[in-house]
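Please read the briefing below alongside the sequence and the 3D view. It is arranged by topic.

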Amino acid sequence: MTLNPKLAKLLNEQINNEMSSSYVYLAMSAWFEQTPYSGFAQWMFNQSREETMHALKFYQYVVDRDAAVVLQPIAKPKADFKSPIDVFEHSLKQEQKVTQQINDLFEVAEQVKDHASKNLLLWFLNEQMEEEKSVKDMLDRLKLAGNDPASLLVLDREAAQRKGATESQEADASH
Ligand code: FEO
């Protein structure tokens with residue numbers, strides 16, 4: 001079944017959105033590298049890699065559906081932040097934005113009755129739910145920790161352990 005042109009355009013845009021997201025997280029990781037929080041730097045680095053994987057998943061899907069891939073420039077990401085909380089607040093907004101994009105894509109896939117695309121997008125919607133949840137959980141705990149260095153270091157250590165959603169799903173699938 002030929003990919004509907006509107007859907008193909010939006011899927012192509014999503015390749016760019018995910019690559020942009022990867023860049024946003026890489027900038028966050030770089031910001032943390034200039035602070036004592038190496039665990040948060042690791043978290044953001046892992047998240048950046050996840051987003052690249054998402055972009056590649058959309059890329060492969062467009063290729064597999066025999067549609068043309070059209071790549072666009074990636075915008076310069078924000079590089080200055082006030083605090084770890086500030087970074088995680090931006091991360092949550094970033095994830096909420098992506099969730100909205102995937103929701104919109106799903107609606108178009110539904111309108112044009114493209115069930116294969118709906119299936120792909122459902123995977124992404126689940127992924128988004130997990131991502132939003134883990135960012136929100138960390139943000140809540142950062143707020144509790146406030147300015148207490150000992151609590152912040154505990155959270156930083158935990159952040160280094162976090163596996164990306166894709167990674168943990170892959171691990172689950174191999175069991
Ligand atoms: Fe791939 Fe977290 O958006």
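The model is predicted, so local features need pLDDT of at least 70 and side-chain atom pairs count only at pLDDT 80 or more, while totals for chains, interfaces and linings use all residues. Residues are numbered from 1 along each chain as its sequence is written, and side-chain values use heavy atoms, with hydrogens and water left out. The structure holds eight salt bridges, a salt bridge being a side-chain nitrogen of Lys or Arg within 4 Å of a carboxyl oxygen of Asp or Glu.

**Nonpolar surface patch**

- Y23, L26, F45 and I74 make a nonpolar surface patch of about 340 Å².
- Patches consist of residues with over 30% relative accessible area and no salt bridge; like charges are joined within 9 Å, and nonpolar side chains (Val, Leu, Ile, Met, Phe, Trp, Tyr) within 5 Å.
- Accessible areas come from the Shrake-Rupley method with a 1.4 Å probe, and for residues only the protein chains shown count as cover.
- Y23 belongs to helix α1, residues 5–33; helices (H or I, at least four residues) and strands (E, at least two) are DSSP runs, numbered from the N terminus.
- Y23 is partly exposed because its relative accessible area is 41%, where buried means under 20%, exposed over 50%, and partly exposed in between (1.4 Å probe, protein chains only).

**Positive phi outside glycine**

- D66 is not a glycine, yet it has a positive phi of about 65°.
- The loop between α2 (38–64) and α3 (84–111) holds D66, and this residue counts as exposed because its relative accessibility is 74%.
- K113 likewise has a positive phi, about 55°, and is not a glycine.
- K113 sits in the loop between α3 and α4 (115–145); its relative accessibility is 60%, so it counts as exposed.

- L10 is a residue of helix α1, and with 23% relative accessibility it counts as partly exposed.
- Along the chain, L10 and L105 are 95 residues apart, while their C-alpha atoms are separated by 6.8 Å.
- With neighbours within four places in sequence left aside, L10 is in contact (heavy atoms within 4.5 Å) with L105 and V108.

**Salt bridges**

- Among the salt bridges is the one between the side chains of D80 and K78, with an N to O distance of 3.8 Å.
- D80 is exposed, since its relative accessible area is 54%, whereas K78 counts as partly exposed at 37% relative accessibility.
- E110 and K118 also meet through their side chains in a salt bridge, at 4.0 Å from N to O.
- E110 is partly exposed, with a relative accessible area of 40%; K118 counts as buried because its relative accessibility is 17%.
- In the salt bridge between the side chains of D137 and K133, the N to O distance is 2.9 Å.
- Both D137 and K133 lie in helix α4, four residues apart, which is about one turn of the helix.
- D137 counts as partly exposed, with 33% relative accessibility, and K133 counts as exposed, with 53%.
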